[in-house]
Amino acid sequence: MKLLCSVVLAVVTATSLAEVNQVVDYTGHKVVSLVPKTKTQLDLLRSLREKYADLDFWTEPNAVGVAVHVRLSPAMQEELAPFFEITGFSSSSSSSAFTVLVENLQSVIDEEKADNEKTGYSAESPVGRYARLGDIHAWLDELAIKYPDLAKTFIVGKTYEGRSIKGIKIGDNDNSKPVIWIQAGIHAREWIAPASCVYIINYLLSNYATDASVKSMVDGVAWYLVPSANPDGYEYSHRYDRLWRKTRTPNSGYSCKGTDPNRNWDDHFGLTGTSNYPCSEIYRGPYAFSEPNTKALSTFIYNMKDRIKVFFSFHCYSQMWLTPWGWTDSARDNPSDHDELQRVAKGGTAALNTRHRMRYSYGPSGQILYPAAGAEDDWAKGVAGIKYAYTLELRPGPYANNGFVLPTKQIIPTGEEVYSGVSWVVKDVFNL
Ligand code: 0X9
Ligand code: ZN
C-alpha cells in the first residue's frame, strides 16, 4: 500500500511538473465588430477592456465611429450578451453597431492551415508561406553560404525557452556603412510580418546581381533583418495556439504565461495602454526588459545605435504606417522632427500603394491608433536615438473579417508592397 501511494504520488508530481501544452481549439469562438457611435459607447468599450483584462481585443477602442474587433469565446458570448443588449451593441438593435465578422474561428484557422500546406509546406524556401521558425533559420544559414560576399547571419541572443533570435545582415564587409534595421513578428500571431521580412531578404539577395536599384541599396547600406523577434511565441502560435501574441515566460503566481513584448521596452514603461495583470494580452511584464528577447534585441541595437538610421518593426493588422510617439496621444508631445518623419511616412505609403493599390494611413501611433507605452519604436527613437523609427501594421485593412488569419495568397502581394514602401524610404533617406 505504502509503495502504491509513493508510485501514485510520483506520477501525480511528475504530471503536474511536466509542461503540458494543449492545442487550443477555437470552435464556436466568434470575432465581432463593435462600432461605438457615441463617446458614451466608446467609454463603455474601454470599461469592458478594463473589466475583462484577458478578453482578446484584436483592435483597441480608439475613437467614435472606428470599429473595434473582439474575439469572443462561447462563454464570453453568453456573459456579454446582456451588456451588448443594454448598451446598444445588440445584433437585434437594427444598427450596424454590432456585426459578426467570423462565425466560427476554428474553421478559418483550419482553412489557413490547409492553404499553407498547399502553398508548399515542405518546400525548401519559406518565401510565400507561413513558415516554421526552424525553416526560416535554416534558410538564413543557407543564404549566408550561397551569397558569402553579401550575407552573414547573426545571433541577437536567446529567448526564455532557449531559442536563438537569428538575423541576417545583407551588405558588404564595410562596417562603417549606415544601417537599416528591420525586425518582425515581435507579436507571435502576426504571421504576415515574418513572412514579409522573409520576402525582403529573398528579394534583395536574388536580385542583387541583375537589378541596379537593389545593387545600389545593398552596396550603400547595411541591412540587418530579424524575421522573428519573438521565436518562442511564434513557435507556440504554430504548434498550439494560432492566436498567441506574447512571449512564453512564466508569471509567478499565475497559470497564464507571457508578457506583451511590445509593452516591455524601457521607454515610458508602464504608462498608458499597458496592463499589470499577467493574463492580459497587453501585460507589460514585471519590469522593463524582463523578457530575454526584448533585452537581447535592445542590447544589440543599442550597441550599434550610431550606425542605425532607419528602424522598422513589422506587425499586423490595419494597414498603417505608424510614427513615434506611441506613448502619448497628444500632438503637443510630437518629436521635434515630426514633419520630416511624416514626409518620409507619406512617401513610403504612397510608394507602397503604387504596387497593389492598398491604402495605408500614416501618422503618430498614439494619435491615429491608440496610445501604448513601452514599445520598441518609441525606445528606438527616444532612447537609441534612431531618427526614422516606424512600425508598419500590414494587411489586412481595419475592416477585414479574419484579422490575423490572412489568406496565404496575400503573402507575396503583401511582401511586394512592403518592399516598395521600405525601398522608397531607403533611397530617400540614404540619398541613393
Ligand atoms: O499595440 C501594439 O503593440 C501595436 N499594434 S498591434 O495590433 N500589432 O498589437 C502598435 C504599436 C505602435 N507603437 C507604439 N504604440 N509605440
Ligand atoms: Zn503587433
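Trainee: What makes His187 a residue that coordinates the zinc ion (ligand 2)?
Mentor: Donors are N, O and S atoms within 2.8 Å of the metal (3.2 Å for Na, K and Ca), and water is not among the atoms, so sites may look incomplete. The zinc ion (ligand 2) has His187 (ND1), Glu190 (OE), Glu190 (OE) and His315 (ND1) at 2.0 to 2.3 Å, so these atoms count as donors.
Mentor: Before we go on: this is a predicted model, where local features need pLDDT of at least 70 and side-chain atom pairs pLDDT 80 or more, while totals for chains, interfaces and linings use all residues. Residues are numbered from 1 along each chain as written, chains are lettered from A and ligands numbered from 1 in written order, and side-chain values use heavy atoms, without hydrogens and water.

Trainee: How are the donor residues of the zinc ion (ligand 2) spaced in sequence?
Mentor: The pattern is H-x2-E-x124-H. Glu190 lies in the loop between strand S7 (179-184) and helix H6 (192-207), and His315 in strand S9, so the pair ties together parts that are 125 residues apart in sequence. Helices (H or I, at least four residues) and strands (E, at least two) are DSSP runs, numbered from the N terminus.

Trainee: Which classes make up the shell around ligand 1?
Mentor: Six nonpolar, five polar and six charged residues. Strand S9 (308-316) and helix H12 (376-382) each supply at least two residues of that shell.

Trainee: Where is the cis peptide bond with omega of about 10°?
Mentor: That one joins Cys316 and Tyr317, and Tyr317 is in the loop between S9 and strand S10 (320-323). Another cis bond joins Pro324 and Trp325, with omega about 5°. Most peptide bonds are trans, so these stand out.

Trainee: What is the phi of Phe289?
Mentor: About 60°, positive although Phe289 is not a glycine. Phe289 lies in the loop between helix H8 (231-239) and helix H9 (292-303).

Note on methods:
Nonpolar A, V, L, I, M, F, W, Y, C, P; charged D, E, K, R; others polar.
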